[in-house]
Structure formats: C-alpha cells, structure tokens
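Me: Please show me the sequence and the structure, and then let me ask some questions.

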Amino acid sequence: MMEFQSYSLKELSNLFELQKETALKWRQSSSSERILRLEKIKNWISLNQKWIKSAIYEDFKKPFPETDLSEIFPVTTEINHAIKNLNSWMKPKKVDSSLSMAGTKGKIFFEPKGTSLIISPWNYPFNLAIGPLISALAAGCPVILKPSELTPHTSDLIQQMIEELFDKAEVAVIQGGVEITQQVLELPFDHIFFTGSPTVGKKIMEAASRNLSSVTLELGGKSPTIVHLTADLKDAAEKIVAGKFLNCGQTCVAPDYLLIHEEVKEHFLMEVKVAIKKMYDPDLKGLENSEDLARIVNSNNFQRLHSLLDDAKAKGGKIEFGGNTNPDDLYIEPTILGDLNDSMRVLEEEIFGPILPILTYNALEEAISYINSKPKPLALYYFGKEDDSYQEVLQKTSSGNVMLNDCVLHFLHPNLPFGGVNNSGIGKSHGYFGYLAFSNEKGVLKQRVGFNNSTLIKPPYDFKTKKIISTLIKWL
Ligand code: NAD
C-alpha cells in the first residue's frame with residue numbers, strides 16, 4: 001500500500017492554482033470534450049474490474065457480486081447516463097416571459113462552478129468517490145478528490161487510476177485523514193461535495209462558510225421502515241433483509257429501524273428469520289461462513305456496534321435473532337432486536353451495521369409521530385398498499401427520498417434526485433441533479449434596444465408613471 005504523501009500548505013495552494021487555471025479553460029469546454037474524460041474513466045473501469053473487486057475485498061471482505069452491483073454498476077450507469085444526456089443538459093434552457101417582462105428573452109445557462117473538492121466515505125469506497133467525480137467532470141469542473149483513509153486499498157486504486165488518466169491540474173487525489181482534509185478545506189473552492197456523517201458534515205459546512213464555497217452534503221442518519229397491516233409480509237421481509245444486510249448493514253440508506261404494526265409483528269419476524277437463512281445460509285454451513293456477507297470495516301466500528309448491542313441488552317432489549325460476534329474476523333451476525341426503549345443508544349445513533357431494531361405501533365399516527373420526533377431521515381420506506389395510509393405517511397413526514405414496497409434501490413434510479421434534507425443532507429446528486437450540483441445556473445436576460453416596458457416606469461415618477469406602477473402591482 002502507498003504511504004500517505006504529505007503536502008505542505010504551499011504545495012496544496014500550488015495545486016489549487018493549477019486547477020484554477022483549468023477551471024477557467026474548462027468553462028467553455030464542449031460536451032464532446034467532457035464526454036472524452038468520462039469515457040477514459042469508463043474504459044479504465046472495464047479493464048480493471050478484477051482489481052476494483054479485490055481492493056474492496058481487501059478492505060472489508062465485500063463479496064465480489066456486491067461490488068459488481070453496488071460499486072461498479074452504479075458508476076458505469078452514471079457515466080453512460082451522463083454521456084447520453086450531456087449534450088441536452090448543457091443546452092441553455094429558454095424560460096417563458098411574464099407580461100411585465102414582455103419583449104425580453106430569458107435563458108438559463110449552465111456554467112461549471114469551477115474548482116471542486118470531493119470528500120468521500122469508506123462504506124462504498126469506489127462508488128461514492130467516482131460517482132460525484134462523474135458529475136463534476138460532466139459539469140466541466142476540475143477536482144481534488146479526498147477518498148477515505150479507512151479503505152486504503154481502494155483509495156490507492158483510485159489514486160493510481162486518476163494519475164493514469166488525468167493531469168493533476170485536472171483531477172488530483174489527496175490521501176490522508178482529518179488533518180490533511182482540514183488543510184485542503186482552507187482553500188477557496190467554488191464547490192465542496194461531501195459524503196459522510198452529519199457530525200463531520202457540520203465541520204465541512206463551517207469550513208466552506210469561511211470561503212462561501214457552495215456545498216453538497218450527502219449525509220446519513222436513521223432511515224425508518226414502516227411495515228403496515230396491508231404489507232405482503234414475505235415479500236417485505238425478503239426485501240428488507242436484502243437491503244439491510246447488503247454491505248453488512250454499512251449503507252447510508254439501509255433500513256435503520258423497523259416500525260411494524262403490532263398485529264403483524266410475529267408473522268413478519270418469522271418471515272425475516274426465514275429470509276436471513278435462505279439468503280445467507282442456504283447450505284446450513286452457518287451464517288458466519290457465508291461468502292455473501294461483508295465484514296465490519298475496522299475494529300473501532302466493530303467495537304462501536306458491539307457496544308450498541310451490549311447497551312440494548314443491558315437495558316432489557318431482546319435478541320430476536322442472531323447476536324453472535326467474532327472480533328478476530330470483524331464479524332457481527334445479522335441481528336434483530338426487540339423489546340426496546342428510548343434510553344437505548346440503538347434508537348438514538350445511526351446503526352450503520354447488521355443490527356435491526358424493531359418497534360411496533362397500533363395506530364399509524366404513532367409511527368408518523370415517532371418519525372417526526374427525530375431528525376429528518378435520508379430515506380423512508382413503506383411496505384403496504386398504495387392507499388390512504390401510504391398517502392398519509394408520504395404527506396405527513398419529511399425525508400430525502402421515499403420508497404414504496406422496497407428499499408435502497410432508489411439509489412440507482414438515474415432520473416430521481418438522491419440526497420437528504422437538513423440533518424441527512426443538503427443538495428441533491430445523481431444524473432442531472434449531480435450535474436446541477438456542480439453547475440451555476442446563470443439566468444441571462446436579453447432586452448431589446450430602444451423603447452420597451454421598462455421605459456414606462458423610469459423617473460420622473462409623474463402621475464402617468466405612478467398610474468402604470470399601480471396598475472402593474474394590481475394586475476401583474
Ligand atoms: P465520516 O464523516 O467519518 O468521514 C467521511 C470523510 O470525511 C472521510 O474522507 C474522512 O477522512 C473525512 N473526515 C472525517 N473527519 C473529518 C474532520 N473532522 N474534518 C474533515 N474531514 C473529516 O463518514 P464515514 O464513517 O466515512 O461514513 C459513514 C457516514 O457516511 C454515515 O453517517 C453514512 O450514513 C454516511 N454516508 C452517506 C451517504 C449518502 O450518500 N448520503 C453515503 C454513504 C455514507
């Protein structure tokens with residue numbers, strides 16, 4: 001593995017100056033120039049899939065098919081979608097005139113914001129570093145990319161890929177932890193795209209405020225999952241198990257906790273246990289021997305999850321399923337927790353691991369009030385019929401995204417904005433929304449020369465002008 005290179009402040013600001021020059025050059029870049037950059041990445045990925053899979057496996061034993069599905073596929077579809085649509089995204093968009101603007105012509109131009117910093121987390125170490133890079137390059141922005149220090153094999157791979165494909169004046173990778181990130185954050189970037197925890201997100205926003213850099217914050221939190229009376233319980237159980245234990249629960253949009261109607265709780269729990277066995281232990285060799293379960297990323301996170309379990313057990317929580325752990329293998333069994341109360345940390349902190357707490361409700365309003373008493377989540381899942389109850393949840397709660405009768409999958413939709421709200425994030429990403437995150441939507445208005453509407457409202461404010469102004473206020 002590469003040693004972290006250290007950078008002096010002078011070196012960082014020299015790199016930033018180089019990228020500033022590129023930003024000016026790229027301001028006028030055509031869609032075909034930008035597409036060439038995206039294609040370079042696409043070709044590199046198709047030639048190096050094995051390397052990507054083994055690097056992420058080295059980092060936290062992520063199963064190869066999961067890397068195909070959740071690291072390589074989302075990035076290649078993001079690239080293909082951008083290549084297909086970039087030409088139309090970049091075209092200035094005409095806007096309608098209002099009566100008071102009659103005679104003018106308005107258009108929205110999309111200019112690249114310019115110098116950009118992308119800071120990514122460890123949990124989807126390839127996808128969440130390269131996905132935003134695609135959006136930045138599509139929008140015409142040079143990038144300094146800071147991948148996570150907790151997944152060093154993947155971060156090294158990303159650095160080698162970028163150094164092979166780009167000049168550092170275009171895209172540069174800087175590796176390291178908190179200290180180097182804080183130094184880079186001193187630079188006056190035009191845009192900062194951060195994916196990580198709400199706690200660190202606040203620090204990023206604070207640093208960005210010193211330069212008034214714009215931010216996209218893709219954060220986390222506790223995504224609630226309602227299983228209502230009308231749900232198909234077997235179908236819901238299978239989808240929730242697949243979404244929760246993907247990446248060993250270390251997914252920002254994993255169902256964090258369940259809210260189940262009291263009447264269907266026992267039946268649903270039975271279906272969940274069957275689904276876990278069916279998916280992760282079909283040959284009855286034991287869940288700990290499953291090749292389809294990733295491991296916890298490091299011992300700090302293992303200890304954190306272990307202490308969440310210990311805390312719940314000490315306060316009267318019941319392990320409905322699982323609960324076994326092995327620190328030597330950083331293994332935590334898929335675990336379902338019941339008999340919970342508000343004093344337990346598992347209901348306060350984002351879990352980010354294979355532990356699924358279950359709460360129950362009798363009236364849907366209880367579930368809605370519970371969700372609304374917490375910070376706004378990144379995703380909310382509802383299993384049940386698309387009826388009035390579902391509409392009630394949709395309208396009475398606030399979250400970054402909502403999914404009906406499945407979970408996690410919305411991340412892959414190319415035409416939906418992805419992101420949080422307040423505590424779970426600021427700004428949106430993916431596809432066109434990712435392109436917008438790195439673009440300044442510049443409103444441009446063309447006025448005709450000579451007489452026009454505004455001539456009528458210029459001083460002196462005589463009786464006739466005042467009359468026109470009051471008519472404007474009354475009618476337009
Ligand atoms: P993190 O916030 O600890 O770290 C993210 C990045 O910030 C890393 O590159 C890290 O080096 C850097 N960092 C950490 N502390 C810093 C500091 N004090 N100053 C500057 N930079 C700092 O997050 P993580 O543990 O890597 O990832 C898990 C979190 O990310 C979870 O909360 C999860 O929900 C969230 N997440 C969100 C999304 C999303 O798309 N919304 C996706 C994945 C993960």
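The questions below go through charges, strands, surface patches and backbone angles.

Me: What kind of model is this, and which pLDDT do side-chain atom pairs need?
Reply: Residues are numbered from 1 along each chain as its sequence is written, and side-chain values use heavy atoms, with hydrogens and water left out. This is a predicted model, in which totals for chains, interfaces and linings use all residues and local features need pLDDT of at least 70, while side-chain atom pairs count only at pLDDT 80 or more.

Me: How many salt bridges does the count come to?
Reply: A salt bridge is a side-chain nitrogen of Lys or Arg within 4 Å of a carboxyl oxygen of Asp or Glu. Under this rule, the count is 19 salt bridges.

Me: Which helix holds both glutamate 17 and lysine 20?
Reply: Glutamate 17 and lysine 20 form a salt bridge, with their closest N and O atoms 3.8 Å apart. Helices (H or I, at least four residues) and strands (E, at least two) are DSSP runs, numbered from the N terminus. The two residues are 3 apart, about one turn of the helix, and both lie in helix H1 (residues 9–26).

Me: Is glutamate 111 buried or exposed?
Reply: Glutamate 111 makes a salt bridge with lysine 442 at 2.7 Å, N to O. Glutamate 111 belongs to strand S2 (residues 105–112) and lysine 442 to strand S18 (residues 439–446), so the pair ties together parts that are 331 residues apart in sequence. Buried means under 20% relative accessible area, exposed over 50%, and partly exposed in between (1.4 Å probe, protein chains only). Lysine 442, at 36%, is partly exposed, whereas glutamate 111, at 19%, is buried.

Me: Which residue meets lysine 315 in a salt bridge?
Reply: Lysine 315 has a relative accessible area of 33% and is partly exposed. The side chains meet at 2.6 Å, N to O, and the partner is aspartate 311.

Me: Which residues form a positive surface patch?
Reply: Patches are made of residues with over 30% relative accessible area and no salt bridge, where like charges are joined within 9 Å and nonpolar side chains (Val, Leu, Ile, Met, Phe, Trp, Tyr) within 5 Å. Lys and Arg count as positive and Asp and Glu as negative, with His and the chain ends not counted. Lysine 105, found in strand S2, counts as exposed at 58% relative accessibility. The positive patch is formed by Lys94, Lys105, Lys107 and Lys446.

Me: Which residues make a nonpolar surface patch?
Reply: Phenylalanine 73 is found in helix H4 (residues 64–90). Phenylalanine 73 is partly exposed, with a relative accessible area of 40%. The nonpolar patch covers about 260 Å² and is made by Phe73, Leu409 and Leu412.

Me: Which strands stand at the edges of the open sheet with 6 strands?
Reply: The order of the sheet is S5-S4-S3-S6-S7-S17, with mixed pairing. Two strands pair if DSSP finds at least two bridges between them. Each edge strand has a single partner, so one side of each is left without a neighbour in the sheet; the two are strand S5 (171–173) and strand S17 (425–426).

Me: What is the bridge partner of serine 116 in S6?
Reply: Strand S3 (residues 116–119) and strand S6 (residues 191–195) run parallel and are joined by 4 bridges. The partner of serine 116 in S6 is histidine 191.

Me: Which residue in S14 does isoleucine 336 stand opposite?
Reply: In strand S14 (residues 355–361), 6 of the 7 residues are buried. Strand S9 (residues 255–261) runs parallel to S14, with 4 bridges joining them, and isoleucine 260 stands opposite threonine 360 there. Strand S13 (residues 335–338) also pairs with S14 in the parallel sense, over 3 bridges. Isoleucine 336 stands opposite leucine 356.

Me: What is the omega of the cis peptide bond between proline 459 and proline 460?
Reply: Proline 460 is found in the loop between S18 and helix H15 (463–475). The cis bond joins proline 459 to proline 460, and omega is about 5°.

Me: What is the phi of valine 408?
Reply: Valine 408 is found in the loop between strand S16 (401–404) and S17. Valine 408 is buried, with a relative accessible area of 12%. Phi is positive in this residue other than glycine, with a value near 70°.

Definitions and conventions. Accessible areas come from the Shrake-Rupley method with a 1.4 Å probe; for residues, only the protein chains shown count as cover. The place of a charge is taken as NZ of Lys, CZ of Arg, CG of Asp or CD of Glu.
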